[in-house]
Amino acid sequence: MSTAVARDVAVIGAGAAGLAAARQLRREGHSVVVFERESLVGGTWIYTNNTEPDPLGIDPTRPVVHSSLYASLRTNLPREAMSFKEYPFVAKRTGHRDPRRFPGHKEVLEYLKDYASEFGIGELVRFETEVNRVWQRENGKWEVRSRKRGGEEEEHMDEAFDAVVVCNGHYSEPRIAHIPGVDRWPGKQIHSHNYRVPEPFRNQVVVLIGSAASAVDISREIASVANQVHIASRSTSNQEAVMVPGYDNIRLHPMIERAHEDGTISFPNGFKIAADIILHCTGYKYHFPFLHTKGIVTVDDNRVGPLYKHVFPPSLSPWLSFVGLPFKTAPFPQFELQSKWIAGILSGRILLPSAEEMTKDIEAFYSSLQTSGIPKPYTHNLTGYQFEYNDWIAAQCGCRKTEEWRKKMYSATSLNRQVRPETYRDEWEDEDLVLEAYQDFKKQISCKDVSLQLHDLNI
Ligand code: FAD
């Protein structure tokens, strides 16, 4: 006889993580309310021309713009590997869709809207409703305080839930590089969160800090209009400035040494340049301004913890959980698995270890990071073990392991990105994996678009 119990669950955010959570929670039989401050689903993938008035995003009272997308953004993963397992990200053949393998951001938003409509998630979402406070009552229930967008402070609503799943995203709160002397440096500074188009950089000398995907894209885009682009990165050694192949105005440097009052920026390789703008492509901070756990869950040097497997704080589990904290992963299929795990645990179908055992596991994890010299901000970086992590969760849920083609495609794309940084989105050599992916999709769904794609692949 099933002992599954249905719970009242609040999900905060209707981005990809919140949608996956809502889908899996409802599938498990729970009642779900999704709180979303925007007026549509999609989170990060809702592009806007708007930027924040504080270009560095330091002022805590600034009006927040959620999305960090720039206008030209195309995915850095192929659609097959990005896709939810349950709902393949198939190229649709209708006029307004973008069928490319690495599509533009609008196509991802369309996919997420399709996903929401396929599983009837929209009806669970309270749009334009911001969560301002989440805390646990003495009776163990979780209280969620929310407010309609534009409403008065006193117009908030408090509601009790058995559990809260936090899916608020972590690419909105800029992290800024520390630059000695920058307070007296006279130029402009901006974080990539507020970068949309290259035009404001026309004829400027730009120092761009960072080396991750956005830094690579944006530096090249800006180089088409800027006078010079100097990329400062911790991953560049202390060598002389080198030109980026294929460009006569992008140079690579080690991290900035100092910004000077006369407007120059100096590097440890002895190079000095009079610069107009510093563009920080330096990533983001985890930020949960609404969450009050009496200090149980903290963000310490960008480590959210203590969390068992990046999801459950032991002493509050399973009533508080997080979907989507890891980075350097293929996010959507991982959100799906984390959500299945949470849903099954909340209903009692899947068991969690005791709080003591989870705490021991976390301590062992933290100490292994320390032994390997991995600093706290990299706690949720799953480079090298995302599939091991996913397969561990899949085993808890009784689901299939990650398909081999996904694993191979992720590696093939990473390699291709290194070999062809300019063209990896349009030139690749893993057609065999694309074929395997679509054959796999065909087993799950029978739709015209999958058949057409297989036809194009000569099957
Ligand atoms: P989000 O999409 O950020 O959604 C969070 C939601 O929570 C938002 O809708 C927000 O409005 C809502 N919210 C937040 N706080 C509150 C509150 N207090 N009350 C109510 N609602 C709230 N991933 C890929 O797979 N492929 C890519 O190519 C790729 N490129 C990327 C490029 C950039 C520039 C960035 C920033 C990210 C990229 N990602 C990519 C990662 C992307 O973040 C994930 O794909 C995914 O969209 C994250 O989903 P999420 O639901 O965790 O967060």
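A helix here is a DSSP run of type H or I with at least four residues, and helices are numbered from the N terminus. The model used in these exercises is predicted.

**Exercise 1. The largest cavity**

Find how many cavities of 30 Å³ or more the model has, and describe the lining of the largest cavity.

Solution. 
Step 1. The count gives one cavity of 30 Å³ or more.
Step 2. The space in the largest cavity is about 50 Å³.
Step 3. Its lining consists of Ala 81, Lys 85, Ala 330, Pro 333, Gln 386, Phe 387, Asn 390, Thr 402 and Arg 406.
Step 4. Sort these residues by class: four are nonpolar, three are polar and two are charged.
Step 5. Ask which element gives the largest share of the lining.

**Exercise 2. The surroundings of the ligand**

Describe the shell around the ligand by its nearest residues, its classes and its polar distances.

Solution. 
Step 1. The ligand has 31 residues around it, and those that come nearest are Glu 36, Thr 44, Trp 45, His 66 and Asn 76.
Step 2. Divide the shell by class: 15 residues are nonpolar, 12 are polar and four are charged.
Step 3. List distances between polar atoms. From an oxygen atom of the ligand to a polar side-chain atom of Glu 36 the distance is 2.6 Å. For Arg 37 a backbone N or O atom is involved, and it lies 3.2 Å from a nitrogen atom of the ligand. In Trp 45 an N or O atom of the side chain is 2.8 Å from an oxygen atom of the ligand.
Step 4. Consider how much of the ligand is covered. Taken alone, the ligand exposes 990 Å², and 94% of that is buried by the protein.
Step 5. Name the elements that give two or more residues to the shell: helix H1 (16-27), strand S4 (129-136) and helix H5 (331-347).

**Exercise 3. Buried or partly exposed?**

Decide whether His 30, Lys 407, Ile 46 and Arg 137 are buried, partly exposed or exposed.

Solution. 
Step 1. Take His 30, in the loop between H1 and strand S2 (31-35). Its relative accessible area is 4%, so His 30 is buried. A polar atom of its side chain lies 3.0 Å from the backbone nitrogen of Arg 7.
Step 2. Take Lys 407, a residue of helix H8 (residues 404-419). Lys 407 counts as buried because its relative accessibility is 18%. The side chain of Lys 407 also makes a polar contact of 3.2 Å with the side chain of Asp 391.
Step 3. Take Ile 46, placed in the loop between S2 and helix H2 (79-82). With 15% relative accessibility, Ile 46 counts as buried. Between Ile 46 and Glu 107 there are 10 Å in space, C-alpha to C-alpha, and the two are 61 residues apart in sequence.
Step 4. Take Arg 137, in the loop between S4 and strand S5 (142-148). A relative accessible area of 39% makes Arg 137 partly exposed. A polar contact of 3.2 Å links its side chain to that of Glu 143. Lys 442 is 305 residues from Arg 137 in sequence, and their C-alpha atoms are 48 Å apart.

**Exercise 4. Backbone angles**

Solution. 
Step 1. Pro 306 lies in the loop between strand S18 (303-305) and strand S19 (320-322).
Step 2. Pro 318 is in the loop between S18 and S19.
Step 3. His 310 is in the loop between S18 and S19. At 4% relative accessibility, His 310 counts as buried.
Step 4. Lys 328 sits in the loop between S19 and H5. Its relative accessible area of 46% makes Lys 328 partly exposed.

Terms used:
Residues are numbered from 1 along each chain as its sequence is written. This is a predicted model: local features need pLDDT of at least 70, side-chain atom pairs count only at pLDDT 80 or more; totals for chains, interfaces and linings use all residues. Side-chain values use heavy atoms; hydrogens and water are left out. A residue is near a molecule or strand if one of its heavy atoms lies within 4 Å of it. A polar contact is a pair of N or O atoms within 3.5 Å; within protein, one must be able to donate a hydrogen and the other to accept it, and residues adjacent in sequence count only if both atoms are side-chain atoms. Accessible areas come from the Shrake-Rupley method with a 1.4 Å probe; for residues, only the protein chains shown count as cover. Ala, Val, Leu, Ile, Met, Phe, Trp, Tyr, Cys and Pro count as nonpolar, Asp, Glu, Lys and Arg as charged, and the others, Gly among them, as polar. On a 1 Å grid over the protein atoms alone, a cavity is a set of points where a 1.4 Å probe fits but cannot get out, and a pocket is an open set with protein on both sides within 12 Å along at least five of seven lines; lining residues have an atom within 4 Å of a point. Grid points are joined across faces, edges and corners, and a volume is the space filled by probe spheres set on the points. Buried means under 20% relative accessible area, exposed over 50%, partly exposed in between (1.4 Å probe, protein chains only).
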